Amino acid sequence: NVVLAYNGGPQGLGITSSQNGGRTFGAEFSAPVPAGSNPCCDPSVVGDAANSFYLIQLYRDDGANTPAAGNCTNSLHVSTNGGATFGNILSSPFSYAPGSGQFPDQPHIGIDRTNPGPNLWVTTRHFTSGINCPQTGGGGTVQGEIVCSNDGGATWSNPLVWPQFTDTA
């Protein structure tokens with residue numbers, strides 16, 4: 001199966017999938033979003049050897065997501081049917097409360113398809129000042145960070161800050 005995710009489309013994010021190796025693709029759709037949320041963009045998707053797909057996307061306000069409504073997040077949705085549909089937010093590897101001055105931009109996801117897990121990695125361009133949550137600004141201090149999940153995105157490690165950060169996602 002093939003899954004494509006891109007900026008635009010319904011609710012700031014478009015997804016389409018092929019269940020026949022890319023010969024045809026289905027209609028555009030989006031992952032479900034919590035009531036009152038403000039999903040944005042910057043999707044990244046990976047697949048595991050069992051034909052599950054993991055989609056990470058940016059939320060300017062995650063609505064009803066835990067631990068607290070209104071956080072700016074990089075949130076994870078999972079498809080267990082080959083990318084035909086995605087479930088609700090499973091977790092948010094990067095999540096910052098409104099007014100905290102934090103913003104997790106441009107998430108990218110990676111996967112280890114060989115070892116048991118599935119083992120996922122998410123890296124983000126973390127604005128530690130300037131853009132703020134919600135997005136009210138346009139610059140500030142930024143650093144690259146990466147987290148890991150050894151249980152398919154249920155839980156995440158503490159972030160590792162990249163020692164040499166460049167702003168070239």
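Numbering the bonded cysteines of the protein chain in sequence order, what is the pairing? The pairing is 1-2, 3-4.

1. Basis. This is a predicted model, in which local features need pLDDT of at least 70 and side-chain atom pairs count only at pLDDT 80 or more, while totals for chains, interfaces and linings use all residues. Residues are numbered from 1 along each chain as its sequence is written, and side-chain values use heavy atoms, with hydrogens and water left out.

2. Disulfide count. Searching the whole structure gives 2 disulfides, a disulfide being a pair of cysteine sulfur atoms within 2.5 Å. Such a bond is a covalent one between the sulfur atoms of two cysteines.

3. Cys40 and Cys41. These cysteines are joined by a disulfide with an S to S distance of 2.2 Å. The torsion about their S-S bond is about 60°, so this disulfide is right-handed. Both Cys40 and Cys41 are buried (under 20% relative accessible area, with exposed over 50% and partly exposed in between; 1.4 Å probe, protein chains only).

4. Cys72 and Cys133. Here the S to S distance of the disulfide is 2.1 Å. With a torsion of about 95° about the S-S bond, the disulfide of Cys72 and Cys133 is right-handed. The pair links distant parts of the chain, 61 residues apart: Cys72 lies in strand β6 (residues 72–79), and Cys133 in the loop between β9 (119–127) and β10 (142–149). Strands are DSSP runs of E, at least two residues, numbered from the N terminus. Cys72 and Cys133 are both buried.

5. Cys148. This residue has 18% relative accessibility and therefore counts as buried.

Notes. Helix = DSSP H or I, 4+ residues; strand = E, 2+ residues; numbered from the N terminus.
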